[in-house]
Amino acid sequence: MNFNIKSASFRYLDASAENSVVSTCPLRRLPRAGWRFCPRSVQARQVLHIMNFSDILLHRRVRLATVLLGTTLLAGCAVGPNYHQPAAPKLHSYTTSRLPNSTASTSGAGGTAQHLVIGQKIAGEWWTLYHSKPLDTLIRKALANNPSLKSAQYTLLAARDTARAAEGGFFPSISGSFQAERVRSGLGTTGLGSAGAGLTYSLRNASVAVSYAPDVFGGTRRQVESLHAQAEQQRFALEATYLSLTANIVTASVTEASLTAQIEATERIIRAEKGLLDILDRQVALGGIPETNAITQRTQLAQTEATLPPLRKQLAQTRDQLAAYEGVPPSRFHAADFTLADLALPESLPVSLPSALVRQRPDIREAAAVLHQDTAQVGVATANMLPQITLSAGIGHEALDGQALFAPQTLLWNLAAGITQPFFEGGTLFYKRRAAVATMKAAAETYENTVVLAFQNVADALEALHYDAIALAADTAAEHDAQRSLNLIERQFRLGGVPYTSVLTAEQTYESAVITRIKATAQRYADTAALFQALGGGWWHRHDVKKQVETCCGVLP
């Protein structure tokens, strides 16, 4: 067997393999004891105490305790700026001029007056205020099947678990190992002073290692803080996906209902124009009117029929979009067609206080989380420029005989402490920190811009609802007047009181009035959904969030 007296560790080898009866002991220089040898007469597998470890352990424990004390005293600080939630804007209204609390009203579907209630609770499932079972069913299926929503959910879970994994840096790393080795030593390398044959033996080693990097300057804490902020960002990214999905479904459903109504109105107008064309053809055959009148009416009919294909194309594409929202191919989408009669206009609309909007909007909360994340990264970059301390220790046993593996004489151990201070990195660490500071400032400006755009969204939605109601009232009145005028002129034309050109003009006016009124009605429904979306959608009042994750994780399957 071969022993190295310069090694920091030693092996106690009982060379009993291959019928060899050879025993020896390591040669060590002990503190304050000089050289010691074990007796040559010791038989194989005898266990002798050859070292007194108490002196070594005492001195090294004192030194290790000194290092740990110093790092503990410094562990209370974390370099870099601390994140503070930006203050909410001190505003009292969303719009420049004060809007009335109630909108205009008119007769017909979608003409009900809407009332704005300041501070009213926003329902978590706000789309139920449309009182449409087909809409509720479609949204429920979309929330269960939409791939974008599922992707956002898993991204959130990944971010949360990544943050939790990083928290392991606060604790020591402990690992254990066991190794069994079969060794054949060469001729004359056993250290026994003989030129006999080589020695074959088995070596077993069992050990436990501990390593720890004290977070002296808070680099690990800042990194964990950044990762938790990233998880918070993903949480509100999920909420934003949820809100966008539900709002888009409502808007697309309203669009489908509008297009369906426009197609139906156009088909009615076409039937009326065909009826009038039949009358004109008979009058031309009787010689009562010139043929040019029938030709003009036929041209008008063709122009009206030409408006149908674009409307049907938009309707088909809208249904394809609804299928995508539900998470199925268009060929497998079998939801019933939406009509304006299926939707009820919400009459009572909540309006959050301006100071509460920054807590409600998912995009604002997401931007705040990004700012938090980038603020913590400044601390990480700063800590990387400071000394890094590592502590490690190990203990184990190594022997030839498995029965003697854990004997005191086979003990191996080590203690180590190290410190690393970067002196020159070519400016890498300096510019990384400066880049982190610039990124933090950019995130702060992005947050401010997000807040401004959020208030703009609410103001736009409130103003749209106000003027939508006025426009619908005017369009409804215009439709009624155009219809009465058309009926009157058609009767006068049959009696020969007016020329055919008057009938043609009245038809065009009525056709335009009908389509305009339908679009205005649908716009009120769509802008109502836009207001709920602009206010945050009431995600904090939903009941589909599991209790154990409601503080961090949004919607989960």
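## Basis of the description

Helices (H or I, at least four residues) and strands (E, at least two) are DSSP runs, numbered from the N terminus. The model is predicted, so local features need pLDDT of at least 70 and side-chain atom pairs count only at pLDDT 80 or more, whereas totals for chains, interfaces and linings use all residues. Residues are numbered from 1 along each chain as its sequence is written, and side-chain values use heavy atoms, with hydrogens and water left out.

## The chain as a whole

The protein chain holds 10 helices and 10 strands. Of its 557 residues, 42% are buried, where buried means under 20% relative accessible area, exposed over 50%, and partly exposed in between (1.4 Å probe, protein chains only).

The accessible surface of the protein chain is about 29,300 Å², and carbon and sulfur atoms contribute 56% of that surface; such areas come from the Shrake-Rupley method with a 1.4 Å probe, and for residues only the protein chains shown count as cover. Among contacts in the chain with a separation of 6 or more, 79% are between residues 24 or more positions apart. Contact here means heavy atoms within 4.5 Å.

## H466 in helix 9

H466 belongs to helix 9, which covers residues 428-494. Its relative accessibility is 18%, so H466 counts as buried. Leaving aside residues up to four places away in sequence, H466 touches L99, P100 and T103.

## Helices 5 and 10

The axes of helix 5 (residues 291-306) and helix 10 (residues 500-534) come within 10 Å and cross at roughly 10°. Axes are lines fitted to C-alpha atoms, for helices over the stretch in contact, and angles run from 0 to 180 degrees between N-to-C directions. The two helices are therefore roughly parallel to each other; angles under 35 degrees count as roughly parallel, over 145 as roughly antiparallel, 65 to 115 as roughly perpendicular and the rest as oblique.

On the side of helix 5, N293, T296, Q297, Q300 and T304 take part in the contact, and they meet Y500, L504, E507, Q508 and E511 of helix 10. By class, this contact has two nonpolar, six polar and two charged residues. Ala, Val, Leu, Ile, Met, Phe, Trp, Tyr, Cys and Pro count as nonpolar, Asp, Glu, Lys and Arg as charged, and the others, Gly among them, as polar.

An open sheet is formed by four strands in the order 6-7-9-10, with antiparallel pairing; two strands pair if DSSP finds at least two bridges between them. Strand 6 (173-184) and strand 10 (411-420) stand at the edges with a single partner strand each, so one side of each has no neighbour in the sheet.

Strand 7 (residues 200-212) and strand 9 (residues 388-399) run antiparallel and are joined by nine bridges.
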